Amino acid sequence: RAQQLDPQNPNVVRNVLFTNTAMRRWSEATRVAARFRAISPDSMIAKIQSAYVAFVGYGDVHALRREMANTPPGFDPDGVVTTTRWEGAMLERDYKGALETLGDSPLAEMEYLLGGSTPKSFLQGCTWLAQGNQPEAEKAFAAAVVEFEKAVQDSPESAASHANLGLCYAHMGRHDEAVREGLRATELKPETKDATDGTLMSCYLALIYARVGEKDLAFPLIERLLKTPGSVDSVCYSITTNDLKFRWQWDPLRNDPRF
């Protein structure tokens with residue numbers, strides 16, 4: 001209705017795009033993404049969201065880096081260009097390229113995880129972990145976890161802060177602490193009270209379970225979230241069939257026949 005009243009408003013079109021994506025209406029999301037780009041041809045968000053629709057909807061793992069290929073050097077005010085390039089490299093399993101992308105950015109914090117800035121060290125840790133370099137991953141996560149713990153201390157009622165800390169703990173192999181923080185996030189913002197961010201808290205928890213070896217808890221939650229509107233996002237905890245198929249984060253489950 002808002003789009004009918006104000007058809008040239010890019011913010012309205014963006015919300016229509018996000019809603020269709022959240023409901024996994026891929027063909028409609030693709031159409032709206034094209035409209036978003038037509039209305040805002042210089043919008044970086046329009047390009048990035050178009051690429052994510054191509055990935056989560058249709059499994060195009062090259063879309064993110066392809067869209068960022070012509071971005072002017074140095075144009076990255078909040079790190080979103082870097083994180084998109086990094087994500088694209090990770091989806092292609094180009095870990096060397098992912099590390100180079102992070103190294104090229106002067107920023108220490110970037111826009112990625114829900115609820116605020118993400119330490120670059122966390123993304124570096126993820127890359128080292130995916131590559132199998134445990135010593136380097138541990139050093140990077142040791143730096144990142146300090147920032148995540150401070151965020152929880154500063155905002156103890158923030159569900160996203162607990163979820164981010166839990167995910168970092170999970171990547172560090174700290175089982176009990178990871179599960180504790182993931183559960184706390186779902187308690188602070190349950191799906192019954194928030195159909196968008198609340199659902200994403202459950203997505204975080206599913207990924208935490210997967211990373212710490214709690215497969216029997218992970219699988220039923222993943223199965224439910226694959227049918228739940230709102231469990232789609234442009235980050236690692238998003239749960240669609242293509243997220244599960246291509247993201248390195250889900251590798252611990254791949255050899256299980258339930259996966």
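Mentor: Before we start, helix axes are lines fitted to C-alpha atoms over the stretch in contact, and angles run from 0 to 180 degrees between N-to-C directions. The model is predicted, so local features need pLDDT of at least 70, side-chain atom pairs count only at pLDDT 80 or more, and totals for chains, interfaces and linings use all residues. Residues are numbered from 1 along each chain as its sequence is written, and side-chain values use heavy atoms, with hydrogens and water left out.

Trainee: Thanks! At what angle do helix 6 and helix 7 pack?

Mentor: Find helix 6 at residues 80-91 and helix 7 at residues 95-104; helices are DSSP runs (H or I, at least four residues), numbered from the N terminus. Their axes lie 8 Å apart. The angle between helix 6 and helix 7 is about 170°.

Trainee: Are helix 6 and helix 7 roughly parallel or roughly antiparallel?

Mentor: Start from their packing angle of about 170°. Roughly antiparallel is the term for angles over 145 degrees. Helix 6 and helix 7 are therefore roughly antiparallel.

Trainee: Which residues of helix 7 meet helix 6?

Mentor: Contact means heavy atoms within 4.5 Å. On the helix 6 side, the residues are Thr82, Arg85, Trp86, Ala89 and Met90. Their partners in helix 7 are Tyr95, Gly97, Ala98, Thr101 and Leu102.

Trainee: Between those helices, where does Arg93 sit, and is it buried or partly exposed?

Mentor: Arg93 lies in the loop between helix 6 and helix 7, and it has a positive phi of about 60° although it is not a glycine. Buried means under 20% relative accessible area and exposed over 50%, with partly exposed in between (1.4 Å probe, protein chains only). At 33% relative accessibility, Arg93 is therefore partly exposed.

Trainee: Which helix gives the most to the lining of the largest cavity?

Mentor: A cavity is a set of points on a 1 Å grid over the protein atoms alone where a 1.4 Å probe fits but cannot get out, and lining residues have an atom within 4 Å of a point. The largest cavity is lined by Glu87, Met90, Leu91, Phe246, Arg247, Trp248 and Gln249. With three residues, the top contributor is helix 6.

Trainee: What is the phi of Arg24 near?

Mentor: Arg24, one of the residues that Leu226 touches, is found in the loop between helix 2 and helix 3 (26-39). Its phi is positive in a residue other than glycine. The value is near 60°.

Trainee: How far apart in space are Leu226 and Asp251, C-alpha to C-alpha?

Mentor: Along the sequence, Leu226 and Asp251 are 25 residues apart. In space, C-alpha to C-alpha, the separation is 17 Å.

Trainee: Is Ala51 buried or exposed?

Mentor: Look for Ala51 in helix 4. Not counting residues up to four places away in sequence, Ala51 touches Ala63, Leu64 and Glu67. With a relative accessible area of 1%, Ala51 is therefore buried.

Trainee: What separates the C-alpha atoms of Ala51 and Tyr237?

Mentor: Along the chain, Ala51 and Tyr237 are 186 residues apart. Their C-alpha atoms are separated by 17 Å.

How values were computed. Helix = DSSP H or I, 4+ residues; strand = E, 2+ residues; numbered from the N terminus. Parallel < 35°, antiparallel > 145°, perpendicular 65-115°, else oblique. 1 Å grid on protein atoms, 1.4 Å probe; cavity = no way out; pocket = protein on both sides within 12 Å on 5 of 7 lines; lining within 4 Å.
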